[in-house]
There are 2 protein chains.
Amino acid sequence: MAFDPATLTFDSAGLIPAIAQDAVSGEVLMMAWMNARTVTETLETGQVTYWSRSRQAVWRKGETSGHVQRLVELRVDCDRDCLLLKVTQEGPACHTNRRSCFYTVVEGGEERVVMDPMA
Amino acid sequence: MAFDPATLTFDSAGLIPAIAQDAVSGEVLMMAWMNARTVTETLETGQVTYWSRSRQAVWRKGETSGHVQRLVELRVDCDRDCLLLKVTQEGPACHTNRRSCFYTVVEGGEERVVMDPMA
């Protein structure tokens, strides 16, 4: 069937969470938010584009850093309220220069960093 | 350092998104929500426990279906506003009886189902 972004379930701010996963390694890189416009732009351009909640602006991932995400596959979940993006990530996904934003592990009541910034 | 759930960034409803990923295959299974209490319960019991927004109640995943998620590793992201759970999933993660909730793909303007329910 034809895909219509309006069939997604957006929250009260008009946003939907989007999980970015490395299309080859399966590593989960980050989670950010999209609105209907940036879902459409991502599909049309193949360059992953989020909505920045802090800047309240379209966020073309990597536009200034060069750390772009190319869309390989976009999936929708059963409740249509979350997206999974399989991507090719250029460089680090995280603003801390790490490959993934998920770089601390909680275990035995302690939290520790398990990933170094990229060289 | 000691982990304190109060250092996480919860939304205005007191919730934080949690991504469940198969610890072995890397498949992203689902995304759901936790509050401070269910983060603590998940860590203490090793059984993944969410907060059900629809039921407004603690949701011990698999309590009725048997499709439990055992916690292998809990990660926190850079902004402390999203969790990544590496889990061992018993049976399907999705209420549609599919392994993952992300079972439709959007491509070329079309959306199609790419995963069958489990037998």
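**Entry 1: a strand pair across the chains**

I began with strand E7 of chain A, residues 104-107, which pairs with E5(B) in the antiparallel sense over 3 bridges. I take two strands as paired if DSSP finds at least two bridges between them. Helices (H or I, at least four residues) and strands (E, at least two) are DSSP runs, numbered from the N terminus. Looking for a bridge partner of A:Thr104 in E5(B), I found B:Val76.

A note on the source: this is a predicted model, in which local features need pLDDT of at least 70 and side-chain atom pairs count only at pLDDT 80 or more, while totals for chains, interfaces and linings use all residues. Residues are numbered from 1 along each chain as its sequence is written, chains are lettered from A and ligands numbered from 1 in the order in which they are written, and side-chain values use heavy atoms, with hydrogens and water left out.

**Entry 2: the sheet around that pair**

Which strands make up the sheet, and in what order? I read E8(A)-E7(A)-E5(B)-E6(B)-E1(B)-E2(B), an open sheet of 6 strands with mixed pairing. Strand E8 (110-113) of chain A and E2 of chain B stand at the edges, each with a single partner strand, so one side of each has no neighbour in the sheet. Neighbouring strands here are turned by 30° against each other on average, direction ignored. For such angles, axes are lines fitted to C-alpha atoms (for helices over the stretch in contact), and angles run from 0 to 180 degrees between N-to-C directions.

On the chain A side, I noted that E7(A) and E8(A) pair in the antiparallel sense over 4 bridges. The partner of A:Glu107 in E8(A) is A:Glu110. A reminder to myself: strands of a sheet pair through backbone hydrogen bonds, either parallel or antiparallel.

**Entry 3: the other mixed-chain sheet**

I then followed the order E2(A)-E1(A)-E6(A)-E5(A)-E7(B)-E8(B), an open sheet of 6 strands with mixed pairing. Its edge strands are strand E2 (28-34) of chain A and E8 of chain B, and each pairs on one side only. The twist averages 30° from one strand to the next.

Pair by pair, I wrote down the following.

- Strand E1 (residues 16-22) of chain A runs antiparallel to E2(A), joined by 6 bridges; A:Ala18 has A:Ala32 as its partner in E2(A).
- Strand E5 (residues 69-77) of chain A and strand E6 (residues 83-89) of chain A run antiparallel, joined by 7 bridges; in E6(A), A:Thr88 is the partner of A:Arg70.
- E5(A) pairs with E7(B) in the antiparallel sense over 4 bridges; here A:Arg75 meets B:Val105 as its bridge partner in E7(B).

**Entry 4: A:Arg80 and B:Glu111**

I stopped at the hairpin of E5(A) and E6(A), which has 5 residues between the strands; there A:Arg80 takes a positive phi near 60°. What does the side chain of A:Arg80 meet in a salt bridge? I found the side chain of B:Glu111, at 2.9 Å, N to O. A salt bridge is a side-chain nitrogen of Lys or Arg within 4 Å of a carboxyl oxygen of Asp or Glu. I counted 18 salt bridges over all chains. B:Glu111 lies in strand E8 of chain B and A:Arg80 in the loop between E5 and E6 of chain A, so this pair joins two chains. Between chain B and chain A the count is 4 salt bridges.

**Entry 5: the whole interface**

I found 38 residues of chain B in contact (heavy atoms within 4.5 Å) with 38 residues of chain A. The two chains bury about 3100 Å² between them, 60% of it on carbon and sulfur atoms. Buried area is the accessible area (1.4 Å probe) that two parts lose on being put together, summed over both. B:Phe102, B:Val106 and B:Glu111 supply 21% of the area that chain B buries against chain A, more than any other three residues.

Which strand gives the most to the side of chain B that touches chain A? My answer is E7(B), with 5 residues. By class, that side of chain B has 23 nonpolar, 6 polar and 9 charged residues. Ala, Val, Leu, Ile, Met, Phe, Trp, Tyr, Cys and Pro count as nonpolar, Asp, Glu, Lys and Arg as charged, and the others, Gly among them, as polar.
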